[in-house]
Number of protein chains: 2
Amino acid sequence: MNRQQLVAAIRQKKSVLCVGLDTSPEKLPEHLQGLPDGVLRFNKAIIDATRDYAVAYKINTAFYEAQGLHGWSALQETLAYLPSDVFSIADAKRGDIGNTADQYAKTFFETYPFHSVTVAPYMGEDSVRPFLNHKGHWAIVLGLTSNKGSQDFQMLRCGEQFLFEEVLRKVATWGSPEQLMFVIGATQDAQLRRVRELLPEHFLLIPGIGAQGGDLHAVCKSALNQDAGILVNVSRGIIYAGHGADFATCARDAAAAYQQQMSVYL
Amino acid sequence: MNRQQLVAAIRQKKSVLCVGLDTSPEKLPEHLQGLPDGVLRFNKAIIDATRDYAVAYKINTAFYEAQGLHGWSALQETLAYLPSDVFSIADAKRGDIGNTADQYAKTFFETYPFHSVTVAPYMGEDSVRPFLNHKGHWAIVLGLTSNKGSQDFQMLRCGEQFLFEEVLRKVATWGSPEQLMFVIGATQDAQLRRVRELLPEHFLLIPGIGAQGGDLHAVCKSALNQDAGILVNVSRGIIYAGHGADFATCARDAAAAYQQQMSVYL
């Protein structure tokens, strides 16, 4: 899915909502617990319930990897079940030397045909470039994350700026805003405004709303650009909005509420 | 495998050799090309041929992930085939917020029972700590890598020091040398000596020998400590030492030659 198609989907749905499918087998509602296809049935119900309100789905690979082959099958079938008009993100945070990064790009653009994958920047240009060599796909590089640990290194002073600013500045020279996004946590509003100054054009993938405490209105005010330019991810706040047999209805209501708040700004 | 056992294996084999199983289906010798169990047969033959000379094996997960379910099966069976007296490393370079890092720790310590996993530091303490909460297992955190891209961020000046030095200094406060190692590339000898000053006790996993141009003698002189304290990884230089039906013999000869060079220092 290219930028034009993504922007069109955002305009049509009046939404920048990304639903994060961080699905744990232990957290399934009781009637799906222990079923061999429990995770897949849960994900399908969540997708059906939220697809009118979401423009993107982010599959957090860790939750599937931890289940071994069975998990990877659920990931593959969940990806295949996504509607054709939504943007798909493999939240895998891979990063390694060139010949290995080639293999990761193959994994998440070919073996599992996602539109995009999240990438860690610590190893530098040759760890990111293989993802940019796949035309029509996106690399979403970690900039400033939403967790407490973001203070440890991302907020280090490196000369006149923070490390994460140098990461954004340098990585942005490696590809265009048609193929490169950045992860910027919602929990640090002052920094979000700073990022938008540095990168007026790029799409930002913004986690941290909901369970992690970020404020949606502040995010919209600080980070929207002419093409919308943001995807706001909510994981636990939607998929675990309910815990019973009505989990999908609860997820739908939560997604609709987020979409309604977003629509005011779009 | 704990530190004492690892050190005992090093003393017994007079080796700090780690064999990197970065096995590509396309690079298999002709007689294994296209076989459904080609990668596994190749890995088993490499392990059989090198186990007298190696104290550790590093499975680069990217090469298996790119093959989908079939690849994960080969990874699992390769891991199960490793002799009980060698140290196993999942070279996965994972790194994510706490609840996700928990899942990755489960993946590589339980679902696939490796002794250790490589971890990326960019997201800070809560992305590393879940790996340290698994007693008897190791986190091997990226410090200074062997690739060209290591210059982009790891060698940035942050105050009085390089970023990678701050990473080593800070991460080392999160766990003991009994559960924490660091990846330090062999291609930057001056930095390797600096790392040994900063971290006199820790084990270092040192890639970059062979295909990437690092010098084994310089590494041994700069980085060995009283417990040896290093694992030197060679991937392509051993597994692709030969390309024909005699690939395992070629791998054995290459591993034996590395071990012989190492034995002088041990």
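This is a predicted model: local features need pLDDT of at least 70, side-chain atom pairs count only at pLDDT 80 or more; totals for chains, interfaces and linings use all residues.
**View 1. How the two copies are related.** Two copies of a chain are related by a rotation about an axis and a shift along it. Here, chain A can be laid on chain B with an RMSD of 0.0 Å, by a turn of 180° and a shift of 0.0 Å along the axis. The two copies are thus related as by a two-fold rotation axis. To find that axis from chain A, go to A:Cys158, whose C-alpha comes closest of the residues of chain A, at 2.1 Å.

**View 2. The contact between chain A and chain B.** Chain A puts 47 residues into the contact and chain B puts in 46 residues. On the chain A side, the elements that give two or more residues are α3 (61-65), α4 (69-81), β3 (87-94), α5 (98-111), α6 (125-132), β6 (157-158) and α7 (163-171). Helix α5(A) gives the most to this side, with seven residues. By type, the chain A side splits into 17 nonpolar, 18 polar and twelve charged residues. Of the interface residues of chain A, 98% are also interface residues in chain B, so the copies meet through the same surface.

**View 3. Helix α5 of chain A and what it packs against.** This helix has 14 residues and reaches 18 Å from its first C-alpha to its last, close to the 20 Å expected at 1.5 Å a residue. Its buried residues are A:Thr100, A:Ala101, A:Asp102, A:Gln103, A:Tyr104, A:Ala105, A:Thr107, A:Phe108 and A:Phe109. What do the buried residues of α5(A) pack against? In chain A they meet β3, β4 (116-119) and α6, and in chain B they meet β2 (56-60) and α3 (61-65).

**View 4. Strand β3 of chain A and its two partners.** Eight of the eight residues of β3(A) are buried, so the strand is largely enclosed by the rest of the structure. A:Phe87, A:Ile89, A:Asp91 and A:Lys93 point one way, A:Ser88, A:Ala90, A:Ala92 and A:Arg94 point the other way, and all are buried. Strand β2 (residues 56-60) of chain A pairs with β3(A) in the parallel sense over five bridges, with A:Lys58 having A:Ile89 as its bridge partner. The pairing of β3(A) with β4(A) is also parallel, over three bridges, and there A:Ile89 stands opposite A:Ser116. From β3(A) the chain crosses through α5(A) to β4(A), and this β-α-β crossover is right-handed.

View 5. Most residues other than glycine have a negative phi. A:Lys93 has a positive one, near 50°, and this lysine lies in strand β3 of chain A. Is A:Lys93 buried or exposed? With 28 C-beta neighbours inside 10 Å, where 20 or more are needed, A:Lys93 counts as buried. The other lysine shown is B:Lys14, with a positive phi near 45°. B:Lys14 sits in the loop between α1 (3-13) and β1 (17-21) of chain B. Its 17 C-beta neighbours inside 10 Å make B:Lys14 count as partly exposed.

**View 6. Strand β5 of chain B and the strands it pairs with.** Seven of the seven residues of β5(B) (residues 138-144) are buried, so the strand is largely enclosed by the rest of the structure. Four bridges join β5(B) to strand β4 (residues 116-119) of chain B, and the two run parallel. In that pairing, look for B:Val117 opposite B:Ala139. Together, β4(B), helix α6 (residues 125-132) of chain B and β5(B) make a right-handed β-α-β unit. Strand β8 (residues 180-184) of chain B is joined to β5(B) by five bridges, again parallel. In β8(B), B:Val183 is the bridge partner of B:Leu142.

**View 7. The surroundings of B:Leu204.** This leucine is found in strand β9 (residues 204-206) of chain B. B:Leu204 has 27 C-beta neighbours inside 10 Å and so counts as buried. Which residues does B:Leu204 touch, not counting those up to four places away in sequence? They are B:Met181, B:Phe182, B:Ile184, B:Val195, B:Ala223, B:Gly229 and B:Ile230. B:Ala223 is 19 residues from B:Leu204 in sequence and 8.1 Å from it in space, C-alpha to C-alpha.

Terms used. Residues are numbered from 1 along each chain as its sequence is written. Chains are lettered from A and ligands numbered from 1 in the order in which they are written. Two residues are in contact if their C-beta atoms, placed from the backbone, lie within 7 Å. Ala, Val, Leu, Ile, Met, Phe, Trp, Tyr, Cys and Pro count as nonpolar, Asp, Glu, Lys and Arg as charged, and the others, Gly among them, as polar. A residue is buried if 20 or more other C-beta atoms lie within 10 Å of its own, exposed if 12 or fewer, and partly exposed in between; C-beta atoms are placed from the backbone. Two strands pair if DSSP finds at least two bridges between them. A crossover is right-handed if, with the strands pointing away from the viewer, the path from the first strand over the helix to the second runs clockwise. Copies are superposed by least squares on the C-alpha atoms of residues with pLDDT of at least 70 in both. The expected span of a helix is 1.5 Å times one less than its number of residues.
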